[in-house]
Amino acid sequence: MGIAALFKQTAQKLPDKVAIEFEEKRVTFKEIDLQGNRVANAFQSIGIVKGERVAQYMSNSLELVYSLVGNFKNGSIVVPMNINFKEQEIHHILHDSGAKAIITDKERLPIVKNIHDKLPELKHIILVNGNEDGNHNFTDLIKNASDKEPNNLIKDEDSSIIFYTSGTTGKPKGAVLNQTNVTSNLKALEQTWKWTKDDVFLLTLPLYHIHGIGVALCGSLSVGNFTILKKKFVDEEVLETISKRKVTLFMGVPTMYFKLLEVEGLEKYDLSSMRLFVSGSAPLSRDLF
């Protein structure tokens, strides 16, 4: 079963359940499924087809979620990019991956525009928050697209997402994951972590890293839990949210946990609802654990 089919299965089981809350906006699994259809059909209308690369260079948002699901439905390959990268790193990834399109935001558009002329394969710049001459507006692009399921045959061995390494021994290298690489990982984590639709998940990881997008976001859309998505990690806000919203699941990196332990008056927050804290992306020291 492909990633899109796995998400579709969840949307059919839990159509009216709120999947994600982001900045006061709440969307159901059915709404995410339909928006994913619109993205896939809109992409096809501008010539983005199965197997072509679509880069994502933007901060956490619902548009990023819709783009991810839409790419999986379209069979186009997602290329997440670190929002802190500048021109040199972004040029390398876009050139190396041969990305045909990039979805970005106003904050990062100047970087993309500065290198666009050096990237002949990059045909489309899609902006999620605003309009610029010569670029597509994400909302306008998908607004009139069909919400019918796109007719794409996606096989288990088809590529789904390319994560670029940190480049510690040279330039970052694209690690290609196929459909089964992702879905088998999600099933393993679901079983190991006893991850269920009843979990209340607080997601503050950046949705460009494998931890944030490949594990946390994809996992929640597969399992069917309620996710509170934040634009970024803020230590006191995390503790307040866990306490007030009865969060059961949180995923972070060691630095986040260090910051949480440093919050003044930590003992005043009620964390008794928590079922599981996950640490990844870097070594967790014995002392911090």
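Student: Which residues have the most contacts inside the largest nonpolar core?

Tutor: This is a predicted model, in which local features need pLDDT of at least 70, side-chain atom pairs count only at pLDDT 80 or more, and totals for chains, interfaces and linings use all residues. Residues are numbered from 1 along each chain as its sequence is written, and side-chain values use heavy atoms, with hydrogens and water left out. A nonpolar core is a set of buried Ala, Val, Leu, Ile, Met, Phe, Trp, Tyr and Cys residues joined through side-chain atoms within 4.5 Å, where buried means under 20% relative accessible area, exposed over 50% and partly exposed in between (1.4 Å probe, protein chains only). The largest such core has 75 residues, and those with the most contacts inside it are Ile 20, Ile 32, Leu 217, Leu 221, Phe 250 and Met 251.

Student: How many residues does the second, separate core have?

Tutor: The second core is separate and includes Val 79, Leu 94, Leu 119 and Leu 122. Its number of residues is 20.

Student: Is Val 69 buried or exposed?

Tutor: Val 69 lies in helix H3 (residues 62–74); helices (H or I, at least four residues) and strands (E, at least two) are DSSP runs, numbered from the N terminus. Not counting residues up to four places away in sequence, Val 69 touches Phe 7, Ile 32, Gly 36 and Leu 221, contact meaning heavy atoms within 4.5 Å. Because its relative accessible area is 2%, Val 69 is buried.

Student: How are H1 and H8 oriented to each other?

Tutor: The axes, which are lines fitted to C-alpha atoms, for helices over the stretch in contact, with angles from 0 to 180 degrees between N-to-C directions, come within 7 Å and cross at roughly 45 degrees for helix H1 (residues 3–13) and H8. Angles under 35 degrees count as roughly parallel, over 145 as roughly antiparallel, 65 to 115 as roughly perpendicular and the rest as oblique. H1 and H8 are therefore oblique.

Student: Which residues of H7 make the contact with H8?

Tutor: On the H8 side, the contact is made by Gly 214, Val 215, Cys 218, Gly 219, Ser 222 and Val 223. From H7 it is made by Asn 185, Leu 186, Leu 189 and Glu 190.

Student: With which side chain does the side chain of Asp 105 make a polar contact?

Tutor: Asp 105 is placed in the loop between strand E5 (101–104) and helix H5 (109–115), and counts as buried because its relative accessibility is 2%. A polar contact is a pair of N or O atoms within 3.5 Å; within protein, one must be able to donate a hydrogen and the other to accept it, and residues adjacent in sequence count only if both atoms are side-chain atoms. At 2.8 Å, the partner is the side chain of Arg 108.

Student: At what distance does the side chain of Arg 275 reach the backbone oxygen of Lys 194?

Tutor: Arg 275 lies in the loop between helix H10 (254–262) and strand E13 (276–279), and counts as partly exposed because its relative accessibility is 38%. A polar atom of its side chain lies 2.8 Å from the backbone oxygen of Trp 193. The side chain of Arg 275 reaches the backbone oxygen of Lys 194 at 3.4 Å.
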